[in-house]
Amino acid sequence: MYNYAGDIGIRRDILPHLEYLETLGSTKAFIIELGVQYGNGSTLALMNGLRASAADPKLMISVDIDDQISEGRRPVEEYWHLILGNSATGRVINDADTLVDATFPGIKKIDVVFIDSFHKPYHVIDEINAWFPMADANTIWLFHDVWSDTSGEETDVSLAVRDWATTHGYNYDILSQEAQGLSIMTKLV
Ligand SMILES: C[S@@+](CC[C@H](N)C(=O)[O-])C[C@H]1O[C@@H](n2cnc3c(N)ncnc32)[C@H](O)[C@@H]1O
């Protein structure tokens with residue numbers, strides 16, 4: 001496991017979740033990450049996991065409105081792609097679709113979607129709806145910034161996702177209240 005705490009540039013509000021992301025990625029083939037920033041948080045952890053994955057082929061698509069990846073942090077693997085743009089728009093989804101078609105013969109749906117971009121309820125719901133056609137009943141949806149340390153309650157984003165989950169036949173749980181929280185949404189079986 002990578003020593004995330006020893007990484008000098010790490011964001012403290014993502015640090016406690018990184019080992020989980022690495023472990024999850026290590027059994028997957030296709031990951032979507034919305035919100036990259038410096039490339040040393042979720043990008044690093046999910047890519048560390050995917051590198052260890054036995055899947056072949058594999059694909060990780062990271063999306064950010066802006067390229068802020070620090071020097072030396074950009075993954076070099078040919079199966080990692082950065083799409084620049086608003087993570088809830090059709091142009092970004094179309095670019096991702098093209099990469100999926102080029103990588104996976106036949107139909108491949110997303111294994112993991114990690115959402116940590118613009119933390120407004122409407123935007124996160126737009127992201128779910130935008131990426132939903134590329135997901136299926138096995139897709140794991142993860143959300144960062146779902147718990148407020150100050151109020152000790154779920155954030156508005158979390159409540160909006162919980163409502164979406166309830167009305168669409170999905171299960172929704174807060175996995176961790178630490179460091180702005182991490183939640184998971186999966187299809188009810
Ligand atoms: C909290 S940071 C992501 C942190 C990253 N996941 C990590 O682990 O270090 C949020 C990122 O979302 C990006 N962002 C904000 N609004 C966005 C949008 N509408 N579409 C895509 N990315 C957006 C910002 O540029 C920023 O890099």
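Two residues are in contact here if their C-beta atoms, placed from the backbone, lie within 7 Å. Helices (H or I, at least four residues) and strands (E, at least two) are DSSP runs, numbered from the N terminus. Residues are numbered from 1 along each chain as its sequence is written. The model is predicted: local features need pLDDT of at least 70, side-chain atom pairs count only at pLDDT 80 or more, and totals for chains, interfaces and linings use all residues.

Helix α2 is mostly covered, with nine of its 11 residues buried. A residue is buried if 20 or more other C-beta atoms lie within 10 Å of its own, exposed if 12 or fewer, and partly exposed in between, with C-beta atoms placed from the backbone. The buried residues are Ser-42, Thr-43, Leu-44, Ala-45, Leu-46, Met-47, Asn-48, Gly-49 and Leu-50. They pack against α1, β1 (30-34), β2, β3 and β4 (112-115).

The partner helix α1 covers residues 18-25, and α2 covers residues 42-52; they pack at an angle of about 35°, with their axes 6 Å apart. Axes are lines fitted to C-alpha atoms, for helices over the stretch in contact, and angles run from 0 to 180 degrees between N-to-C directions. On the α1 side the contact involves Leu-18, Leu-21, Glu-22, Thr-23, Leu-24 and Gly-25, and on the α2 side Ser-42, Ala-45, Leu-46, Asn-48, Gly-49 and Leu-50. By type, the residues of this contact of α1 with α2 are six nonpolar, five polar and one charged. In this count Ala, Val, Leu, Ile, Met, Phe, Trp, Tyr, Cys and Pro are nonpolar, Asp, Glu, Lys and Arg are charged, and the others, Gly among them, are polar.

**The sheet**

Seven strands form an open sheet in the order β3-β2-β1-β4-β5-β9-β8, with mixed pairing. β3 (80-84) and β8 (170-176) are at the edges with a single partner strand each, so one side of each has no neighbour in the sheet. From one strand to the next the twist averages 15°. Two strands count as paired if DSSP finds at least two bridges between them. Strands of a sheet pair through backbone hydrogen bonds, either parallel or antiparallel.

β4 and β5 pair in the parallel sense over four bridges, and Ile-115 stands opposite Phe-143 in β5. Strand β5 (residues 140-144) is mostly covered, with four of its five residues buried. At the other pairing described here, β8 and strand β9 (residues 182-187) are antiparallel over six bridges, and Ile-174 stands opposite Ser-183 in β9. Helix α3 (residues 90-103) lies across β2 (59-64) and β3, running at about 170° to β2.

Glu-33 lies in strand β1. Glu-33 is buried because 28 other C-beta atoms lie within 10 Å. Leaving aside neighbours within four places in sequence, Glu-33 is in contact with Ser-42, Thr-43, Leu-46, Met-60, Ser-62, Val-63 and Phe-114.

Two pairs are listed with their C-alpha to C-alpha distances.

| Pair | Apart in sequence | Apart in space |
|---|---|---|
| Lys-28 and Ala-52 | 24 residues | 9.4 Å |
| Glu-33 and Ile-115 | 82 residues | 6.2 Å |

Lys-28 is in the loop between α1 and β1. With 19 C-beta neighbours inside 10 Å, Lys-28 counts as partly exposed. Not counting residues up to four places away in sequence, Lys-28 touches Leu-50, Ser-53, Ala-55, Asp-111 and Val-112.

**Backbone features in loops**

Most residues other than glycine have a negative phi, and most peptide bonds are trans. Gln-37, in the loop between β1 and α2, has a positive phi near 55°. Ala-179, in the loop between β8 and β9, has a positive phi of about 50°. Ala-179 counts as partly exposed because it has 18 C-beta neighbours inside 10 Å. A cis peptide bond joins Asp-56 and Pro-57, with omega about 5°. Pro-57 is in the loop between α2 and β2.

**Around the ligand**

The ligand has 17 residues around it, of which Gly-35, Gln-37, Gly-41, Ser-42 and Phe-118 come nearest. A residue is near a molecule or strand if its C-beta atom, placed from the backbone, lies within 6 Å of it. The shell around the ligand divides into five nonpolar, eight polar and four charged residues.
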